[in-house]
Amino acid sequence: LDRLASAEPTPGGGSVAALAGALGAALLSMVCNLTVGKEKYRAVEDEIKRCLAETESLRSELSRLTEQDAVAYGKVAAAYKMPRDTETHKAARAEAIQAALKESSKVPLAAAKACYRVLELAGPVGEKGNINIISDVGVAVALAEAGFQCAALNVEVNLAGVKDEEYN
């Protein structure tokens with residue numbers, strides 16, 4: 001949070017999008033963990049265990065994407081700082097910016113897909129998981145939805161600067 005609030009450009013919104021999704025996945029994992037092993041939920045235990053395995057995988061992926069987004073945007077920022085004194089410099093800078101923008105759109109796209117999957121898993125976890133913590137499923141949904149929307153916004157913004165029409 002201190003790094004996010006600083007004057008540095010990274011981490012930024014893309015990292016926050018992935019973090020929101022990771023928090024949503026973690027909450028679903030918690031609900032699964034508080035369901036498994038309870039007699040009342042014995043009939044759905046296998047399904048909840050499968051959900052748990054997937055929410056843990058998504059949590060790990062989204063955590064990784066939090067850092068990957070900062071690295072990807074760092075390359076965009078570095079490309080914009082390249083010299084532009086000569087035509088050769090300008091061309092190299094423009095090429096570096098385009099490559100970095102393309103690459104930086106991939107990370108939030110992966111985060112959006114992972115957040116969407118968290119949202120899909122919230123259904124069965126909410127329907128079959130421990131009813132005593134159903135509000136945590138609701139919070140997970142809100143976080144994953146926010147992560148999805150924020151990641152999608154980052155994809156749109158990064159692609160807006162890409163001049164290659166075929167890429168978009």
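Predicted model: local features only at pLDDT ≥ 70, side-chain atom pairs only at ≥ 80, totals over all residues.

If we look from glutamate 95 to threonine 66, the two residues are 29 apart in sequence, and their C-alpha atoms lie 26 Å apart in space.

Is serine 15 buried or exposed? Its relative accessibility is 2%, so serine 15 counts as buried. Serine 15 has its place in helix H2. Leaving aside residues up to four places away in sequence, serine 15 touches Thr66, Asp69 and Ala70. By contrast, 29 Å separate the C-alpha atoms of serine 15 and lysine 90, which are 75 residues apart along the chain.

Glycine 13 is also found in helix H2. With a relative accessibility of 42%, glycine 13 counts as partly exposed, because that value falls between the limits of 20% and 50%. Between the C-alpha atoms of glycine 13 and alanine 111 the distance is 12 Å, although these residues are 98 apart along the chain.

Threonine 10 and proline 11 are joined by a cis peptide bond, with omega at about 0°. Proline 11 has its place in the loop between helix H1, residues 2-5, and H2.

I turn now to the helix pairs. Two packed helices are described by the angle between their axes and the distance between the axes.

Let us take H2 and H5 to begin with. Helix H2 covers residues 13-33 and helix H5 residues 134-160; their axes come within 7 Å and cross at roughly 155°. That angle makes H2 roughly antiparallel to H5. The crossing of this pair, H2 and H5, is left-handed. On the H2 side, the residues making the contact include Gly13, Gly14, Ala17, Ala20, Gly21 and Gly24. On the H5 side, they include Ala140, Leu143, Ala144, Gly147, Cys150 and Ala151. By class, the contact of H2 with H5 has 14 nonpolar residues, six polar and one charged.

Next, H2 with H3. What is the relation between the directions of H2 and H3? The axes of H2 and H3 come within 8 Å and cross at roughly 160°. These two helices, H2 and H3, are therefore roughly antiparallel to each other, since the angle is over 145 degrees. Their crossing is left-handed. In the contact of H2 with H3 there are 14 nonpolar, eight polar and three charged residues.

The remaining pair I wish to show is H3 with H4. The axes of H3 and H4 come within 8 Å and cross at roughly 160°. H3 and H4 are therefore roughly antiparallel to each other, and H3 passes H4 in a left-handed crossing. The residues of the contact of H3 with H4 comprise 23 nonpolar, three polar and eight charged.

Finally, the nonpolar cores. Which residues of the largest nonpolar core touch the most other members? Among its 31 residues, these are Leu28, Leu62, Val118 and Val125. At least two residues of this core come from each of H2, H3 (45-80), H4 (87-128) and H5. The greatest contribution to this core is that of H4, with nine residues.

Not counting residues up to four places away in sequence, leucine 62 touches Ala18, Gly21, Ala22, Ala111, Ala114, Cys115 and Val118. There is also a second, separate core of six residues, and Val76, Ile97, Leu101 and Val162 are among them.

Thank you for your attention.

Key: Residues numbered from 1 in each chain as written. Heavy atoms only, no water. Axes fitted to C-alpha atoms, helices over the stretch in contact; angles between N-to-C directions. Helix = DSSP H or I, 4+ residues; strand = E, 2+ residues; numbered from the N terminus. Parallel < 35°, antiparallel > 145°, perpendicular 65-115°, else oblique. Left-handed = near helix turned anticlockwise from the far one by under 90°. Contact = heavy atoms within 4.5 Å. Nonpolar A, V, L, I, M, F, W, Y, C, P; charged D, E, K, R; others polar. Core = buried A, V, L, I, M, F, W, Y, C linked by side-chain atoms within 4.5 Å. Buried < 20%, exposed > 50% of the residue type's maximum accessible area, 1.4 Å probe, protein only.
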